Amino acid sequence: LILHHPVLSVEAGDAFIQPFRDAVNGTLGAPYVVIYEGSVADERIAQRHGGYWCAMGMNLIPEGQEKGETVHPVPTAEWLRRLAEGSAATIAIGTCATWGGIPSADGNPTGAMSVMDFLGKEFRSAFGLPVINIPGCAPQGDNFTETVFAVLLFLQGLGPLPTFDELGRPAWLFNETVHQGCNRAGYYEEGLFAHHYGDPECLVEIGCWGPVVNCNIVKRGAINHLGGCMAAGGPCIACTMPGFPDKFSPFYKAPPGGILSTTMSRGTGAVIRRLRRLSNKHANREVRWDKLEHVPSGWGHVEAQTPGLKLMEFFYKKWQHWGARKPGRRAGEEERFWGVERPGVPSDYIDSSVAEGYPDDRR
Ligand code: SF4
Ligand code: SF4
């Protein structure tokens, strides 16, 4: 496997460009994959002014000698057009290449577009694949390497063709929304929302579009499973989406559609939150402490259970164990302990040897 990259390759000048020419001429002698980063500017606009937007290498123009122009930069769009058809696969990486991204935002001067827009709906690589899209601004690195690896395994006949969605995204990476994997989704559900950057709650009211955006960065992390937008405190601005950036700006405003769902989760969350707090109090007590009605913590005073809470817990436990076996011994086995008479009276929680010198007389 050989990587030809304008920055990472060791070769420069003609030595660097030659394999590209060989690939175009069909003399490379090996299958190749095109990986294209960045949007494709409309070179016709630049040509009208005698220039170019983005180029790599030079074309010899023998007929231009009279004008003193013997070479002309080859636009990268031209390379893409020449190379894509003969490629085993053409992969667009990053939102500029997959959907046009920021360079193709409304009002741009370059007429920039995505690889898919440039090559058209009918495009198929030599192995019959449409453009594969791995969006993100910047794209998540593991999403890229994992997809390239899966495609290479397929091209080598060592694995199945990975599943792609109708836009050519790796389906297993982009089929869920940011919100579905967000580490702040619990706050959203309980109706708790951040008002300022740096607040720990859900960021929807300061501009997060996560509920409608396909991206796995919070689940996967940005680098080495660490970071990711919400983990770092940033609202989702939908950088992986075809509608980015125009459909999601201004980035600092709450998405209009969020008003309905946040109002609803505020209402239900207010009730659910309070009920969960009660359950949380219950879960924060050992069963032993409940029996002894005492919490031996040296860190602070833990409130005793109120009669109302005890009553609620009684019914809660009844419901919890409905149709299931309750922890502990069955009726009639209370005095048995691993097949023998069990020590400790009147219950395991008050073992007389432990209770020696116990401050309260709870025996
Ligand atoms: S921060 Fe965004 S993605 Fe996370 S829970 Fe809130 S709305 Fe959903
Ligand atoms: S969470 Fe949103 S802003 Fe962050 S990488 Fe994913 S799509 Fe882009």
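How many salt bridges does the count come to? The count comes to 12 salt bridges, a salt bridge being a side-chain nitrogen of Lys or Arg within 4 Å of a carboxyl oxygen of Asp or Glu.

The model is predicted, so local features need pLDDT of at least 70 and side-chain atom pairs count only at pLDDT 80 or more, while totals for chains, interfaces and linings use all residues. Residues are numbered from 1 along each chain as its sequence is written, chains are lettered from A and ligands numbered from 1 in the order in which they are written, and side-chain values use heavy atoms, with hydrogens and water left out.

**Salt bridges**

Side chains of opposite charge can pair when their charged atoms come close.

| Pair | N to O distance |
|---|---|
| E146 and R220 | 2.4 Å |
| E176 and K219 | 2.2 Å |
| R276 and E190 | 2.8 Å |

Helices (H or I, at least four residues) and strands (E, at least two) are DSSP runs, numbered from the N terminus. The salt bridge between E146 and R220 joins helix α6 (residues 141-155) to helix α9 (residues 217-220), so it ties together parts that are 74 residues apart in sequence. Accessibility is described by relative accessible area: buried means under 20%, exposed over 50%, and partly exposed in between (1.4 Å probe, protein chains only). E146 is partly exposed at 25% relative accessibility, whereas R220 is buried at 16%.

The salt bridge of E176 with K219 also links distant parts of the chain, 43 residues apart: E176 is in the loop between α7 (171-174) and α8 (185-189), and K219 is in helix α9. E176 counts as partly exposed at 33%, and K219 is exposed at 53%.

R276 belongs to helix α10 (residues 258-283) and E190 to the loop between α8 and α9, so the contact ties together parts 86 residues apart in sequence. R276 is partly exposed, with 35% relative accessibility, while E190 is buried at 17%. Elsewhere, E78, R81 and R82 are joined into one network by salt bridges that share partners.

**Helix α10**

Helix α10 has a kink of about 35 degrees centred on G269, where the bend is the angle between axes fitted to the seven residues ending there and the seven starting there. G269 is also one of the buried residues of α10, which are G258, T262, S265, G269, R273 and H282. These buried residues pack against α8 and α12 (307-320), a contact being heavy atoms within 4.5 Å.

**Nonpolar cores**

In soluble globular proteins, nonpolar side chains tend to be buried together. A nonpolar core is a set of buried Ala, Val, Leu, Ile, Met, Phe, Trp, Tyr and Cys residues joined through side-chain atoms within 4.5 Å. The largest core has 21 residues, and W79, L80, L83, V115 and L119 have the most contacts inside it. Two or more residues come from each of α1 (13-25), β1 (33-37), α3 (76-84) and α5 (115-119), with α3 giving the most, five residues. Leaving aside residues up to four places away in sequence, V115 touches Y36, V40, L80, T90, A92, A97 and V131. A second, separate core of 18 residues includes A194, C215, C236 and M241.

**Ligand surroundings**

The residues around ligand 2 (a heavy atom within 4 Å) include C215 and C236.
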